[in-house]
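I opened the notebook to go through this fold piece by piece. Here is what I looked up, in the order I looked.

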Amino acid sequence: HSGFVAIVGRPNVGKSTLMNHMIGQKVAIMSDKPQTTRNRIHGVVTDEAQGKQIIFMDTPGIHKPKHRLGEHMVKIATQTLREVEAVLFLVDATMPKGAGDEYIIEILKNVKDTPVYLIINKIDLIEKQQLLEIISSYKDAYEFAEIVPISAKVGENVSRLKDLIFNLL
Ligand code: GDP
Ligand code: MG
């Protein structure tokens, strides 16, 4: 069993940090494969015991378009997100929901059948009350399959997130 998972989120929310935490030693295996600009592969996580493999990928075109070509990129991003097993939508717990996050939510609304997980990152930097406020600000914006607060840097809740994704396969 293997499946594709897309990680989306505006710059600096911690996508690379999360990947670094989740990726195992097997990443090198993928680096020989050709990577298209459509589906750039971030890395692979393997669960040897279950014989499962998750392939994480980047989603070009998910960022706010600066010119008209952007519309085409949005279509590509939407199509990519429709084809994966799950989407991890990363947000920064220290920042209020902004235009960049709302732009991504608009794209997610066009992706009906893929489960989207809201990953609230950097919880090591905030108080519980702030987390509750962030959660409520996102809850009404989209029907997430699950909301998972993590700290990619410290590794808090990252293994739980991993389990969640593996259980989808
Ligand atoms: P990306 O642009 O989404 O790939 O974000 P990065 O992974 O490059 O992270 C952006 C910055 O946030 C870096 O300085 C990271 O060290 C920091 N960062 C990422 N995750 C966490 C976290 O859970 N806690 C804290 N305190 N910092 C984090
Ligand atoms: Mg990055």
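I call a residue buried if 20 or more other C-beta atoms lie within 10 Å of its own, exposed if 12 or fewer, and partly exposed in between, with C-beta atoms placed from the backbone. Helices (H or I, at least four residues) and strands (E, at least two) are DSSP runs, numbered from the N terminus.

Ground rules next. This is a predicted model, where local features need pLDDT of at least 70 and side-chain atom pairs count only at pLDDT 80 or more, while totals for chains, interfaces and linings use all residues. Residues are numbered from 1 along each chain as its sequence is written, and chains are lettered from A and ligands numbered from 1 in the order in which they are written.

**Overall layout.** I looked up the secondary structure and got six helices and six strands. From the N terminus the order reads β-α-α-β-β-α-β-α-β-α-β-α. The chain has 169 residues, and 31% of them count as buried. I then checked contacts (C-beta atoms, placed from the backbone, within 7 Å). Among those between residues at least 6 apart in sequence, 69% join residues at least 24 apart.

**Helix α6.** Which residues of α6 (158-166) are buried? I found Val158, Leu161 and Ile165. Seen down the axis of α6, they fall within an arc of 55°, so they line one face of the helix; the arc is that of the directions from the helix axis to the C-beta atoms. Ser159, Arg160 and Asp163 are exposed on the other side of α6. The cover over the buried residues of α6 includes β1 (2-8), α1, β3 (52-57), β4 (86-92), β5 (116-121) and β6 (146-149).

**Core.** A nonpolar core here is a set of buried Ala, Val, Leu, Ile, Met, Phe, Trp, Tyr and Cys residues joined through C-beta atoms within 7 Å. The largest one has 38 residues, and Val5, Val87, Leu88, Phe89, Leu90, Tyr117 and Ile119 touch the most other members. β4 gives the most to this core, with six residues.

**Ligand 1.** I counted a residue as near the ligand if its C-beta atom, placed from the backbone, lies within 6 Å of it. The shell holds 15 residues, the closest being Gly14, Lys15, Ser16, Thr17 and Lys153. Helix α1 (15-22) supplies the largest share, three residues.

**Loops.** Most residues other than glycine have a negative phi. Asn12 has a positive phi of about 75° although it is not a glycine, and Asn12 sits in the loop between β1 and α1. Is Asn12 buried or exposed? Asn12 counts as exposed, with 12 C-beta neighbours inside 10 Å. Lys122 also has a positive phi of about 75°, in the loop between β5 and α5 (128-139). Lys122 is buried, with 22 other C-beta atoms within 10 Å. Last, I checked Gly155, in the loop between β6 and α6. Gly155 is partly exposed, with 14 other C-beta atoms within 10 Å. The C-alpha atoms of Gly155 and Leu18 are separated by 8.2 Å, although the two residues are 137 apart along the chain.

Definitions and conventions:
Contact = placed C-beta atoms within 7 Å.
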